[in-house]
Amino acid sequence: MQSWFFTEDAYPYLPEADTYESIRVNLPNKYYDPDKGADLYHMYLDLWCAADDLGLEVMVNEHHQTATCVVPAAPIMLGILARQTRRARLLILGNPIANRSQPLRVAEEMAMIDVISRGRLECGFVRSVPYEAAPANVLPFRGAERLWEAHDMIVKAWTTHDGPVNFEGRWFHARQINIWPRPYQQPHPPIWITVGSGRSTVPVAQHQYTGAVFLAGYPRIREIYDGYRTAYRTAHGQEASLDRLAYAALVYVGDNTEQARAGAEKVLWYMTSNKVPQHWSNPPGYHPPAVAAQIMKGARGGAGLPLTARLDEQMARGNVFAGTPDQVFAQIKSFWEYAGGFGHLLMMGQAGFLTYADTLASMRLFTQEVQPRLQELTASYDSERLQTLRACQPDKEFADLGAFGVEFVR
Amino acid sequence: MQAGVQTIAVQGIDLQVVRQGTGPPLLLLHGGNGLQGHGPFLTRLAERFDVIAPTHPGFAGTTIPEHFDTLADLVYLYLDLLDVLDLRQVILMGLAMGGWVAAEVAVRNTSRLAQLILIDAVGIKPGDRDTRDIADIFGLPAPDVAKLLFHDPSQTPNLASMTDEQVAVLAADRIAHAMYTWDPYMHNPKLRYRLHRIDVPTLLIWGESDGVVPVAYAEAYRQMIPGATLAVIPRAGHLPQVEQPDVVLQHVLAFVAR
């Protein structure tokens with residue numbers, strides 16, 4: 001199991017939530033104090049460097065026009081970390097290439113990071129969440145198709161080395177593609193794609209890319225991983241290896257249960273702060289009409305309902321792993337077995353007001369006490385044994401938590 | 001004359017068309033809200049005209065053709081429809097987004113047209129780059145959009161009283177509406193330089209309370225179309241044909257009788 005440290009780089013110093021309509025898209029940036037912001041950037045970069053020292057891998061992402069993630073340009077963060085870290089793999093999850101007007105720019109940025117880090121880049125591509133439509137001014141309709149066309153262009157730019165080539169697709173055009181630098185890793189850096197439904201895994205599995213799932217939890221993980229494994233088997237005639245699947249959850253490890261719960265409650269800020277109205281969470285063309293209709297009718301709360309989901313509920317769903325090292329290992333093992341196994345744990349280890357010291361304490365405990373056992377767990381991976389286990393464990397039933405999960409459908 | 005819904009093959013697309021009434025042909029191009037609530041207006045129109053009202057692909061449960069992604073796809077679809085039906089001396093009437101389509105049809109070819117009627121049409125951008133000429137209906141809460149659309153917002157369809165399937169059709173309408181109008185938003189920067197080509201009598205009908213494209217926008221539009229006239233309808237918003245169908249019809253009849 002490779003374990004990745006991740007923080008969204010939030011700006012949490014906000015007025016009371018009832019004084020604003022949304023934390024995303026239209027929250028005025030007068031609430032952003034650049035002095036505090038500078039301190040935060042340095043704290044987050046220090047955390048990623050500490051993760052590198054501890055032996056964890058590094059993950060960054062980006063969002064736009066939001067206090068929940070003040071990294072609108074993840075390649076800038078990763079460019080700094082390419083220079084400042086020594087050993088960690090560097091995952092960007094990811095580049096929102098369906099929303100980018102020119103994917104070649106992404107190909108260039110990623111090649112630079114790969115070369116500066118001497119081949120440590122893991123390059124993720126995402127369709128992105130619904131609230132990105134307005135900041136990008138891009139209609140989400142056919143976003144998956146746009147993503148794959150941009151991907152094709154980027155891979156072509158990365159892998160052709162004999163002078164300019166042509167790409168004139170439906171959305172993206174360039175007639176003289178010849179990027180400098182070319183990537184360090186050959187033929188190109190490993191590619192990750194976020195997936196949120198069984199169907200969306202098919203092209204990812206066909207390309208043998210790592211499929212990453214965010215917060216699907218017990219309610220939806222089997223459907224998604226099953227989709228990937230089946231598509232992989234169909235396309236390649238063999239089982240997908242564990243490292244083709246990743247799972248992202250909130251994680252906090254403490255010396256005792258109370259301390260761990262207190263830390264986890266702070267990480268839960270990521271969910272509880274996500275106040276977003278329907279017109280940002282349900283842009284036309286992001287969700288299929290039947291899902292969009294449920295949001296329009298108010299049957300699903302857009303991003304509203306999870307605000308009421310407490311820590312115990314989120315832990316029961318497999319969205320949060322929190323407790324002592326023993327408890328956290330047991331929680332992850334249970335989820336891992338239920339899911340049929342995965343090779344990457346993407347840990348949101350910091351959010352909201354969780355301090356540098358408290359984050360580091362949790363990461364250190366994780367690295368010393370949990371990670372070795374996860375290594376043993378994945379080393380013991382036996383797909384037949386997991387199938388047998390699964391046959392004894394029926395699908396868990398959960399109440400619908402609204403559109404929050406759906407927003408990670410890509 | 002034929003009554004009811006029919007399917008007409010145009011460009012290999014099965015176009016759904018409502019055709020009803022007797023009289024001069026009137027091609028009605030609906031707006032982003034579809035023909036929801038337009039029953040009374042259509043009935044009155046059909047008493048005087050041969051009404052031909054196609055459903056834009058993607059609306060009312062129809063499929064968006066794979067190659068469609070811009071309003072121009074509708075423009076050429078309806079230029080072809082005029083040919084396929086061999087319509088002559090047509091009154092072309094466009095509502096809101098359909099008004100934009102109608103204007104784009106007219107600047108390309110008026111040979112089959114008798115008159116042009118634009119009702120609360122979008123399609124131009126009269127202001128500068130810092131001015132939001134057309135309300136961003138995709139970036140506002142639903143109740144705020146209702147206030148922009150209607151003089152009397154209680155006219156707004158009540159989603160709670162609809163079935164899931166009916167709301168899913170509205171959600172699909174919204175996708176199609178956005179696909180045809182997203183960027184540049186609700187306008188074609190080139191249209192203003194082409195409107196001078198319109199050589200048929202043109203009437204603009206506008207709801208006085210339209211909050212999406214206010215009357216000042218209508219006046220700018222009128223000045224760009226040679227000889228066009230503007231009728232402003234009191235106690236009506238962006239859909240005067242829904243809120244004041246009789247008054248709108250009076251203006252239509254007076255205009256075509258000219």
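Modeller: What follows is a tour of the backbone, residue by residue. Bear in mind that the model is predicted. Start with the general rule. Most residues other than glycine have a negative phi, and most peptide bonds are trans.

Now the peptide bonds in chain A. The bond from A:L93 to A:G94 is cis. Its omega is near -5°. A:G94 belongs to strand β3, which covers residues 90-95 of chain A. Go on to A:Q186. The peptide bond that leads from A:Q186 to A:P187 is cis, and omega is near 0°. A:P187 sits in a loop of chain A. That loop runs between β6 (173-177) and β7 (191-194).

Next comes phi. A:L215 is not a glycine, yet its phi is positive, near 55°. Look for A:L215 in the loop between β8 (210-214) and α7 (217-236) of chain A. Is A:L215 buried or exposed? It counts as buried, because A:L215 has 24 C-beta neighbours inside 10 Å. The cut-off for buried is 20 or more.

B:D120 is not a glycine, and its phi is positive at about 45°. Find B:D120 in chain B, in the loop between β6 (113-119) and α4 (142-149). B:D120 has 30 other C-beta atoms within 10 Å, so B:D120 is buried.

To recap, A:L93 to A:G94 is a cis bond, and A:Q186 to A:P187 is a cis bond. Positive phi values belong to A:L215 and to B:D120.

Technical notes:
Residues numbered from 1 in each chain as written. Chains lettered and ligands numbered in written order. Predicted model: local features only at pLDDT ≥ 70, side-chain atom pairs only at ≥ 80, totals over all residues. Helix = DSSP H or I, 4+ residues; strand = E, 2+ residues; numbered from the N terminus. Buried ≥ 20, exposed ≤ 12 C-beta atoms within 10 Å, placed from the backbone.
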